[in-house]
Amino acid sequence: MNNIKYLIFDWGDTLMADDPNDKRAMYLWEEIKVMQDVTDVIPYLHNKYICTVGSNAGESDAIAMKKAFERVNLDSYFDYYFTSKELGARKPDAAFFENILQKLGVNAENAVMIGNDYLKDISGAKKAGLKTVLITKLNQLFPEADYIVKSFGELIDIL
């Protein structure tokens, strides 16, 4: 992945634990939980790549999403925040990813999508021509994923 310059991360259950029972914007939650290894690995990745977040985001827009990252001191590692509200498309629609690429001014071959949801994060990103990394502990076939890792910490080995 020598030509990769941008990393696009899914938000919920990739970077921060999602709580499907709390419908409010995450920055309003009593507790925000960062997923395992994220705090240790993101500074390393940020030194090598431009890191962005792309999420369907439920109740949050990009400003609200950034506030959640500020609460856990991770906001300085992400250069751009994108949600379906601003992009006018939702994952897994290829337009979601194409709109991110357009806003970044980058070609698909220069970006990789990293997420935990095969259908939304990986299949949608592949339709838009991105490289993909699926984070999952499931032992099954994921043919559209370029890479499969069991934990966020393993990203250092492939990126």
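Asp10, Lys91 and Asp121 are joined in a network of salt bridges, a salt bridge being a side-chain nitrogen of Lys or Arg within 4 Å of a carboxyl oxygen of Asp or Glu. This is a predicted model, where local features need pLDDT of at least 70 and side-chain atom pairs count only at pLDDT 80 or more, while totals for chains, interfaces and linings use all residues. Residues are numbered from 1 along each chain as its sequence is written, and side-chain values use heavy atoms, with hydrogens and water left out.

Lysine 91 sits in the loop between helix H3 (84-87) and helix H4 (94-104), and aspartate 10 in the loop between strand E1 (6-9) and helix H1 (38-48), so the bridge ties together parts that are 81 residues apart in sequence. Helices (H or I, at least four residues) and strands (E, at least two) are DSSP runs, numbered from the N terminus. Both lysine 91 and aspartate 10 are buried; that means under 20% relative accessible area, with exposed over 50% and partly exposed in between (1.4 Å probe, protein chains only).

Searching the whole structure turns up six salt bridges, including these:

| Pair | N to O distance |
|---|---|
| Arginine 24 – aspartate 22 | 2.8 Å |
| Lysine 66 – glutamate 70 | 3.2 Å |

Arginine 24 is partly exposed, at 43% relative accessibility. As for lysine 66 and glutamate 70, they are four residues apart in helix H2 (residues 62-71), so about one helical turn separates them. Lysine 66 is partly exposed at 29% relative accessible area, and glutamate 70 is also partly exposed, at 37%.
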